[in-house]
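User: I would like to go through this model with you, beginning with the overall fold and then moving to particular helices and loops. Could you take my questions in turn?

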Amino acid sequence: MQTPRDFSMYGAVDLGARQAAAQRRQQQAARAADAGADGGDAGQPAFVFEVTEETFNTDVVLRSRTTPVIVDLWAEWCGPCKQLSPVLEKLANEAAGAWVLAKIDVDANPRLAQAFQAQSIPMVVAIVGGQMVDAFLGAMPEAQVSQWITQILAVADQIGVQGGEPGEPGAPGEDGEAVDDLPPALAAARDAMETGDLDAAAGALEKALVDAPADPLAKSWLAQVNLMRRVSSADPATASREAAGSPDDINAQLLMADFQMASGDAEQAFDRVLGVIKRTSGAERNTARLRLLDLFEVLPPNDDRVKKARTQLALLLF
């Protein structure tokens, strides 16, 4: 088991033409339409799904905050992929939401392949709580894959990320009905997060916080959702260029801190905002302070990076 490290796809080089990507997406859309027409997947949980560069942050990074995500990097021409992928899909469906499988076609999504530093495929990566916790290369027998996933779920349990195992909150019960101990607003937020509807998730979480203002789970989820909303409406390359060229532009610096946080580089994000707080006063300083407090909520309160940044913030303010 590798030491967990923050995962980042930002800064990966765009390798150029997207003809293959367009073709893959058309094929995926056609398959989805066919499945819907046949009624085969209607109403079924999305335990296995395709991910693109555009959907990665929502479908993998954000979703991994509530459910362990196993990423399968594959390609049509890869023989071992054709052996391993069915095994992963079978195990994902059997897990019934304890973890989910995100499939990435490396030909259609070269930036993601580079972000994962995929030197060969198949490559299988575990993302938990926004962190890449372990990976393996090549095809393995089902028993070994199952054992590896068991280890991943143990790590996820330690981090506090638990998917909906059968009999657990959010999983189907014996009668087929969902068993969910979450308050309705949080359950609605979770469902919206899993489908990528960030606006609906934010609305549900805001409602949850009206009912329970100190709810740590609602506060953390809302901070994560708002972070994704901010970065999803901007371009990371443009944000980086503007932050580098305009060190006194508060909005540019805060947006760049958002991108650093979304990509898993929390320490640099905190340092950037602390730098803004140090250089400013009045309303600008308060804006930066509130953004930093919001970013703190993305991580567990006992995270060492949060503790360090909170101490630095106190020294700057007092």
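This is a predicted model: local features need pLDDT of at least 70, side-chain atom pairs count only at pLDDT 80 or more; totals for chains, interfaces and linings use all residues.

User: What share of the residues count as buried?
Analyst: Of the 318 residues, 47% count as buried. Buried means under 20% relative accessible area, exposed over 50%, and partly exposed in between, with a 1.4 Å probe and protein chains only.

User: And what share of the contacts join residues at least 24 apart?
Analyst: The figure is 68%, among contacts between residues at least 6 apart in sequence. Contact means heavy atoms within 4.5 Å.

User: Let us turn to α10. How far does it reach?
Analyst: Helix α10 covers residues 250-262, which is 13 residues, and reaches 18 Å from its first C-alpha to its last, close to the 18 Å expected at 1.5 Å a residue. The expected span is 1.5 Å times one less than the number of residues in the helix.

User: How many of its residues are buried, and what covers them?
Analyst: In α10, 11 of the 13 residues are buried, so the helix is mostly covered. Among the buried residues are I250, L254, M256, F259 and M261, and also D258 and Q260. The covering elements include α2 (56-62), α8 (216-232), α9 (236-245), α11 (266-279) and α12 (282-296).

User: How do α10 and α11 cross?
Analyst: The axes of α10 and α11 come within 7 Å and cross at roughly 160 degrees. The two helices are therefore roughly antiparallel to each other. Axes are lines fitted to C-alpha atoms, for helices over the stretch in contact, and angles run from 0 to 180 degrees between N-to-C directions. Angles under 35 degrees count as roughly parallel, over 145 as roughly antiparallel, 65 to 115 as roughly perpendicular and the rest as oblique.

User: Which residues meet there?
Analyst: From α10 they include L254, A257 and M261, and from α11 they include A269, F270, V273 and V276.

User: Which residues of α11 are buried?
Analyst: In α11, A266, A269, F270, V273, L274, G275, V276 and I277 are buried.

User: At what angle do α11 and α13 pack?
Analyst: The angle between α11 and α13 is about 5 degrees, with their axes 10 Å apart. They are therefore roughly parallel to each other. The residues that meet include F270, L274 and I277 in α11 and V306, A309 and L313 in α13.

User: Changing topic, where does D303 lie?
Analyst: D303 lies in the loop between α12 and α13 (304-317). D303 is buried, with a relative accessible area of 14%. A polar atom of the D303 side chain lies 2.8 Å from the backbone nitrogen of R305.

User: Now the backbone. Which residues does the cis peptide bond join?
Analyst: The cis peptide bond joins I121 and P122, with omega at about 5 degrees. P122 is in the loop between α4 (110-115) and β5 (123-128).

User: Q117 has a positive phi; is Q117 buried or exposed?
Analyst: Q117 counts as exposed, at 57% relative accessibility. Its phi is near 55 degrees, and Q117 is placed in the loop between α4 and β5.

User: And A96, buried or exposed?
Analyst: A96 is buried, with a relative accessible area of 17%. A96 has a phi near 55 degrees, a positive value in a residue other than glycine, and lies in the loop between α3 (79-95) and β4 (100-105).

Definitions and conventions. Residues are numbered from 1 along each chain as its sequence is written. Side-chain values use heavy atoms; hydrogens and water are left out. Helices (H or I, at least four residues) and strands (E, at least two) are DSSP runs, numbered from the N terminus. A polar contact is a pair of N or O atoms within 3.5 Å; within protein, one must be able to donate a hydrogen and the other to accept it, and residues adjacent in sequence count only if both atoms are side-chain atoms.
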